[in-house]
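Reader: Hi! I'm new to this one, could you walk me through it?
Author: Happy to, let's look together.

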Amino acid sequence: MNLRTFSIFRPGPRFGLLFSLLTAHVSFAGFSLTPGNYYSSTIGSRVITQYDASGTLVGSYTVSPTVGGDVRGMAFDPAGYLYAAVSRGVAGFVIIAIGPDGTIQQQYYGGAYLSGNSSFGKIAVDRNYIYICGENQLTRFTLGQPLLGPTAIYWGNGDVFDVKPLPNGNLWIASGNVMEITTDGFIVNYIGASGTHGEHFQSVRGIDYDPFSGKLFAVELGDSSFSMQLMRVDPTTSTCEKSTSYTYGESILVDLSGNLLVGSDSLVPTIFNEDFAELGNLGSAQQSFVTRYVPWPALDGVPTQPMVAEATGAQGAMVEFDSPT
């Protein structure tokens, strides 16, 4: 593997002037940020592993121990940068933003103790914020503004294990059960799960949503009566439509194709269809956290310059423009 030295913070066209001269070492072999590829990490390791669309190993990226401990959850932002949560023991965590050239472009520091549970550290990114789960809180950062620091937007009675942005702008979080909250942390709805054979939410660790089918997918540890499950739930009725056994499910990704990729603390990541038929595996090694680089939709027809109009009255002027697509 090659060894490269670079600035943790450096000037760049996307992020502007940054402020540190600290350096770190990252080793990588065959690693790139490639649309359609999968990326995974696991507890106790600083390695991010890359696979192509068929699940074949492509390369790896090893985060320096000077950055932190093990790599947890990962997500891509609209510009195609890979964000990865790295635990730092009692010092909390850092979220690193990895650019296409493999350099760490930004770092976001927070105090939640990710090392306290193997399920802590899942993250999500929307067009405005980065969210990270750890201990009994959901922490939010402003995308591209690490100096603004963290904001704890939700404090739960139990631990917060996963977060997923929704098409309506709200978030789903897994905190024992599943709840819908705003990006400021206000609870909008509780998403239950019940089935004809005693299926129910209990200690949910990972969630995702398919906006095309309208289904919620969850992995949970459960209890003695309903343990180690992968579940498909209709969130509008709180009905558990289908479930199957899955050992120590940790994270779950719903692909644009409608397939599921499930990470585990004991198994090789498994690919399912939405009826839970197994379609294959990702690589050949156990991995807890999984994501995929899917480019974000582009917005066309958005004005690039301010629109100026002369006021026609005390209320200003009405301005018409074509709706963006």
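Reader: Among contacts in the protein chain between residues at least 6 apart in sequence, what share joins residues at least 24 apart?
Author: That share is 45%, where a contact means heavy atoms within 4.5 Å. Before we go on: this is a predicted model, in which local features need pLDDT of at least 70 and side-chain atom pairs count only at pLDDT 80 or more, while totals for chains, interfaces and linings use all residues. Residues are numbered from 1 along each chain as its sequence is written, and side-chain values use heavy atoms, with hydrogens and water left out.

Reader: What is the mean pLDDT of the chain?
Author: The mean is 88, and 89% of the residues reach 70 or more; pLDDT is the predictor's confidence in each residue, from 0 to 100. Over residues 1-26, though, the pLDDT is below 50, and this stretch has 69 contacts in the model beyond near neighbours in sequence. Where pLDDT is low, the predicted coordinates should not be read in detail.

Reader: OK, new topic. How many helices and strands are there?
Author: The protein chain has zero helices and 26 strands. Both are DSSP runs numbered from the N terminus, helices being H or I with at least four residues and strands E with at least two.

Reader: And how much of the chain is buried?
Author: Of its 325 residues, 51% count as buried. Buried means under 20% relative accessible area, exposed over 50%, and partly exposed in between, with a 1.4 Å probe and protein chains only.

Reader: Back to strands: in what order do the four strands of the open sheet come?
Author: The order is β14-β15-β16-β17, with antiparallel pairing; two strands pair if DSSP finds at least two bridges between them. At the edges stand β14 (162-165) and β17 (187-191), each with a single partner strand, so one side of each is left without a neighbour in the sheet.

Reader: Over how many bridges do β15 and β16 pair?
Author: Strand β15 (residues 171-175) and strand β16 (residues 177-181) pair over five bridges, in the antiparallel sense. As an example, S175 has N177 in β16 as its bridge partner.

Reader: Now the loops. Where is S238?
Author: S238 sits in the loop between β20 (226-234) and β21 (239-245). Its phi is positive, about 60°, although S238 is not a glycine.

Reader: And which loop holds Y248?
Author: Y248 is in the loop between β21 and β22 (249-254). Y248 is not a glycine either, yet has a positive phi of about 50°. At 42% relative accessibility, Y248 counts as partly exposed.
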